[in-house]
Each structure stands twice: as C-alpha cells, then as structure tokens.
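Hi,

Here is the structure I promised to pass on.

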Amino acid sequence: MTLQDHAERADIFNRDEERVDWHDQTLWFVRQKRDRAANTLPEWEALREAASQIKNNVLGNLDEYLVQFEANAQRNGITVHWAADAAEHNQIVHQILVENKITQMVKSKSMLTEECHLNGFLEHNGIEVIDTDLGERVVQLAGEPPSHIVMPCIHKKKEEIGEIFHQHMGTEAGLSDPEILTALARADLRERFLTRRAALTGVNFAVAETGEFVVCTNEGNADMGAHLADVHIACMGMEKIIPKRAHLGVFLRLLARSATGQPSTTYSSHFKKPRTGQTMHLVIVDNGRSVQLGRPDFRSSLKCIRCAACMNTCPVYRRSGGHSYHNAVSGPIGAILAPNLDMKEYADLPFASTLCGSCSNVCPVKIDIHQQLYKWRQVLVKEGHVTPAKAASMQAMNTVLSNRRFFEVAGGVGRTMMKWFPGIVSNSLNPWYKHREMPAPPEQSFRDWYAENRK
Amino acid sequence: MLQAVRQSKPDASELPAIPESTTFADRKVERFTEALNNIGGQVIPVRDFSDISAYVRQNYVLNRVITTLPELADVGEVHWHEVAPHELADVEFGILVAQFGVAENAAVWLTDLLMMHRAAPFICQHLGVVLSAADIVANMHEAYTRIGADEYGFGLFIAGPSKTADIEQSLVLGAHGPKTMTVFLME
C-alpha cells in the first residue's frame, strides 16, 4: 500500500460533497461562536498577549519550571515519571498497570496518547482500553483515529454513529437521535467507570508553583474515571507547564472561548494530591519537543493549548477533514508540529494551507502559525522532502521571478500560448484547473499598460 | 531530557502582568444567573435551608438524596463519607456547598473538603449547589486571587450540568455527570 498524502486523502473526503459542505459549515459555526465569546471581553487582546508572553517565559525557563514542578508534585504525593519518547511513555504506562495487576483501563481524552499510539501498544500487551469521551468512544469503536482534537467524531453523521453503536454495543438498529445515543453511551460507560481500577487522563495545565495539574472537560469523564479508580495516570507533554496558579485565570478564560465559544468548560479539575488509598502517577513526555524547542523558527508552536480554533477557522481543514492530515493533531497547528516528528512522512502538511493567516488571527497564544507553515515549506524543499515535480516547478518559478528580462518574455509567451492553445492549461494535468475555469489571458502585461497610460 | 531542554531553550523573557478586568464587576448576581441559564443550569433564590428542603421534598421525594450539609439532614443522607464512592452510583440528587461563584461563567469553586468524596459532584444524576449571593466574584482572575495559596488535594470549578455536543454538534445535557445543575442562591 502506498502512503497517501494530504491532497489524495482530501480527494477521498471530497467525494461526498454534501458531507463536505456540512463539515465546512459546522466548523465555521463553531468559529462564529468563538468570535461572539471573544467579543464579550474588551480585554480579549490583552489576554491573548499575556498568555503568549507567559508561554514565552515558560519556553525560556522550561527546565527550571519542570524541576520545580516535579519537586512540588512529589511533595504532594504524586509519582513523577520522565519519558524521552513515545516508546518510553507507553512502557511506563504499561509497567504501572502491570505492577498493579490491572488489565482494564478507562481513558479520557489525551492527544499525547494518540501521538504515542498508546492504545494499540497496550492492546497488543493484553490491556483493554476504553476511551470515555463520547466522540473518542465513537471513533474507537469505528476503528479510526480522532479527526479533530476537541470534537473527535465531527466527520461522522448521527446515522453512522447509531449504526456503530448497533454493531458494537448491541443497541437497536436505525437510531440517530443524539439525545438517545448519548444516553446509551452514558449507561454503557458508567458501568466501565464503576468497575475499572485504573484511569488515564491528559493534562491541560501543570502548575510549577504548586505541583498540581488541571484537566478540563465538558462531559465529566476524566473525573468519573479518576475519582473511582485506584490508580490515576496523567500524561503530559513537557510544554504544558505554566509558572503560577494565578496564570490559570488567563488560560481558562481563553481556552473554552477559543475552542467552542463557551465561557468555560463545565469542569476545570485541579488535581493536587491523590485521594486516600489512591496512587497518582504523572508521566512527563518529551517525544521531539526538546528538538522543536531548539528550532528558533518553530519553537513557538510549543505554546499551543490545544483549543483547535485554528482548525475551525481553516478553509483547508474545513473542506479536507481531519483524517487528511494523517497525524494525531490535524489542522494548521498539526501541520507545523508534525514535520518536527518526521519530516519525510509529514512533508505534505505545510503545503495544505492557503497561508491566509486566519489561524494566526484566532490563536489564543498568538502562535504565528501561517508564517511557520511558510517557513516549513522552505526547510522541506531544502532538505529534499518534496516530490521532484514540486521541487522543479519551484525552481522554475524562482528562475522566472528573479530575472526581470526572463519574466517579461515568459509573460508574453504565456499570454500568447493561453490565447491560442487554451488546452495547455485547461486540462486535468493542471491541479489549479480542477473545480475552476482559467481566466481569459489579458491583452497586454501590466508593465506595457502602465507604459502607455502613465500620463 | 532536561539537558536537551537546556541546550535548546531560548533566552528567558519576563513574565507579564495579568491583565486587569472590570468586565463583569457590576450586577454580579444577575450576570451569574444569566450565565448559568445560558449553559443549561438554573438558579433558585432561597432564604434559608428550609426552602431547599421544600424543593427536595417536592422534586426528589422517592429518590436517594445525599448532602454534605447537616442542615439538610431531614431530606438527605449525611453519613456517606465512609462508604466507597462507587456506592453513590444510585444517587439521584446530591447537594453540596460551594466556596464561591464566578459571574463571568457561572462556575462555582469547591475543594475536596466540601465534597466528602471527590466523585460526589460527578456521580449523582442531578446536582444542587448552595451558594451565598455575597460570595460571587467578577471573573477568573478574582477567583484565583481568592483561592490564593489555599491547600487542597482536589479543587474544582463546575459550570453547569455535564454536557456533550460530540454527535453532529447537537448539545445534549448529561454526558457522564449530572444532567441538571441547580444553584440555591442564598441571600
């Protein structure tokens, strides 16, 4: 099987035009809710600036904050583990389960564990993992990865979800009412919460000053898991640190408003110490983050708080779907994080953008996402990770655009050719021609027009 | 790992001041009430605990009710701290008390000392929270100023009932936690 790139996968998503339109409009609606929520706060831009500067400060002092956080967390009774890469992370989680003789675990949403492919690893080692976020449960049953970091099954229609539940949970066939489907999942998962001895959660923010970590959900699934289990394992990328508890005020005001337009998530849970009789483990993961930190052009991507505002606003994401990015984190932010992990495999992603800049405009921590997409393209071409055709056409463009005389001649030739032989550009070999008509060629170049009309 | 971070981190920059906000400083009770209505919860103004007892009798007469408030012992169990939290799975209505509320998002703050079990605010089918009207702060910055350096094992903001919109963005109340949230606002 040949690996498909973003454009090929987007083609598959676009076969169902009605669904693409629905996907596009639904995410745009979320983007509009984000705008309304942001507009209720006159201090919104000041908050974004503060959040951005706090995160800059974190990147510049990351080692010290991590040391401080570890010491405080241990003082609170949390066992802290360090994982250099995905494999080590997975082994640590597995080891904790083995030591506690646990073979079944509930898990709330964690993009980090998606990045590390934890579920597959644990299942291979005889551990059953149940995803408990409703959207994640749907894609888990469907055997798919999430397509969106906040709304994991946004690519699915309710009838398909009814069918998935029918196949895997034995519910009645033909159900599609979201309220009924949610109630069925609630009953099924409640049983799991009550019987599983281990729960894994992600981490939204880890506070260096206090050694506590905060998990935000709307469903309450992280808490249902963690408070009923004997063992709580929380996994975090090392960049999730913030310096002080008071900084939570800034980030919690931004996070849900940017993500879904809510003034806050339903639950903002501050885990500081294990409850009596419980053990709490925290795994801090690098997995390429220290490498990204060393890339001056791309390090600010580590400021991301995973709100997905950049996805909801992105004209390419909305019309190509999350799966076309073939990475745990999709959309514009995923496209600047992924090449750090593997330039060859993700070389297509920074090109899956119009560079319109909307992502950077909505980012609550002011990451210059579209600039980084542009810069990654240059790195990827230089390192030889694009197709020879793309490299050759970029080289040709460079030659034409950097030589005035050549540009004039090429423009004249192009106008003449398009006029007499329109089939040269209006054919299926020209990707621009798909879904578009080529414009009529102008009679003369702007330069000639200007020379005639300058008076 | 730390060595790798030290080698690649940028130059240190200063921490900024936290922006000042007076956006939600006026009409705090009204704003809190509006915000809770918008996220699917409800505010019931009460004068004293007998109003809450009356509400429970009216709505949950045949159901299991738990509370951390000895004042409500006439309508709910108060001795449940020694049972396993799993045994709370059949609780219909749980009544807890919050330290304070936040006008901007209708969140209420509780620490584990106020929950008896950390699972309590999540496992009951319906949740009631007693809040004093005088204990509403304007926004999340004031909330953290108020929390300060408080000690707790587990601290929690709750804003409304548990919810999901994972299926086609249709909002459904009652994902895994309580299906409703009622704040008993005491004057």
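Predicted model: local features only at pLDDT ≥ 70, side-chain atom pairs only at ≥ 80, totals over all residues.

**Where the chains meet**

The contact between the two chains draws on 94 residues from chain A and 67 residues from chain B. Together they bury about 6,400 Å², and carbon and sulfur atoms give 61% of that area. On the chain B side, three residues supply more than any other three: Met1(B), Glu168(B) and His176(B) account for 13% of the area that chain B buries against chain A.

One of those three turns up again if you look at Lys157(A). This lysine sits in the loop between α8 (134-142) and α9 (158-169) of chain A. Leaving out residues up to four places away in sequence, Lys157(A) touches Arg19(A), Trp22(A) and Glu168(B). Is Lys157(A) buried or exposed? With a relative accessible area of 19%, Lys157(A) is buried, because the cut-off for that is under 20%.

**The largest pocket**

The largest pocket has a volume of about 2,000 Å³. In chain A, the elements that each give two or more residues to its lining are α1 (6-13), α2 (17-39), α15 (315-320) and α19 (388-401). The largest share comes from α1(A), with six residues. In total, 41 residues line this pocket, and those nearest its centre are His6(A), Ala7(A), Phe351(A), Ala352(A) and Pro431(A).

I looked at two of them.

The largest cavity holds about 170 Å³ of space. Two helices of chain A, α13 and α16 (331-341), are the elements that give two or more residues to its lining. Of these, α16(A) provides the largest share, three residues. The lining of the largest cavity has 15 residues, and Glu115(A), Arg289(A), Arg306(A), Leu337(A) and Leu341(A) lie nearest the centre. By type, its lining is made of five nonpolar, six polar and four charged residues.

The second largest cavity has a volume of about 100 Å³. Its lining is also listed at 15 residues, with Cys304(A), Cys307(A), Ala308(A), Cys310(A) and Cys363(A) nearest the centre. Here α14 and α17 (358-362) of chain A are the elements giving two or more residues. What kinds of residue line the second largest cavity? They are 14 nonpolar, no polar and one charged.

**Two residues with positive phi**

Ala308(A), one of the residues nearest the centre of that second largest cavity, has a positive phi of about 75 degrees although it is not a glycine. Ala308(A) lies in the loop between α13 (289-293) and α14 (309-313) of chain A. Its relative accessible area is 4%, so Ala308(A) is buried.

His117(A) is the other one I noted: its phi is near 55 degrees, again a positive value in a residue other than glycine. You will find His117(A) in the loop between α6 (111-115) and α7 (118-124) of chain A. With a relative accessible area of 60%, His117(A) is exposed.

**Cysteines**

How many disulfides are there over all chains? The count is zero. Cys216(A) is in no disulfide, and the nearest cysteine sulfur to it, that of Cys307(A), is 12 Å away. Cys216(A) is also buried, at 14% relative accessibility.

Cys356(A) is partly exposed, with 49% relative accessibility.

**A buried helix**

Last item: helix α11 of chain A, residues 221-228. Eight of its eight residues are buried, so this helix is largely enclosed by the rest of the structure. Among them are Asn221(A), Asp223(A) and His227(A), along with Met224(A) and Leu228(A).

Best wishes

Note on methods: Residues numbered from 1 in each chain as written. Chains lettered and ligands numbered in written order. Heavy atoms only, no water. Helix = DSSP H or I, 4+ residues; strand = E, 2+ residues; numbered from the N terminus. Buried < 20%, exposed > 50% of the residue type's maximum accessible area, 1.4 Å probe, protein only. Contact = heavy atoms within 4.5 Å. Disulfide = S-S within 2.5 Å. 1 Å grid on protein atoms, 1.4 Å probe; cavity = no way out; pocket = protein on both sides within 12 Å on 5 of 7 lines; lining within 4 Å. Points joined across faces, edges and corners; volume = space filled by probe spheres on them. Buried area = accessible area lost by both parts, 1.4 Å probe. Nonpolar A, V, L, I, M, F, W, Y, C, P; charged D, E, K, R; others polar.
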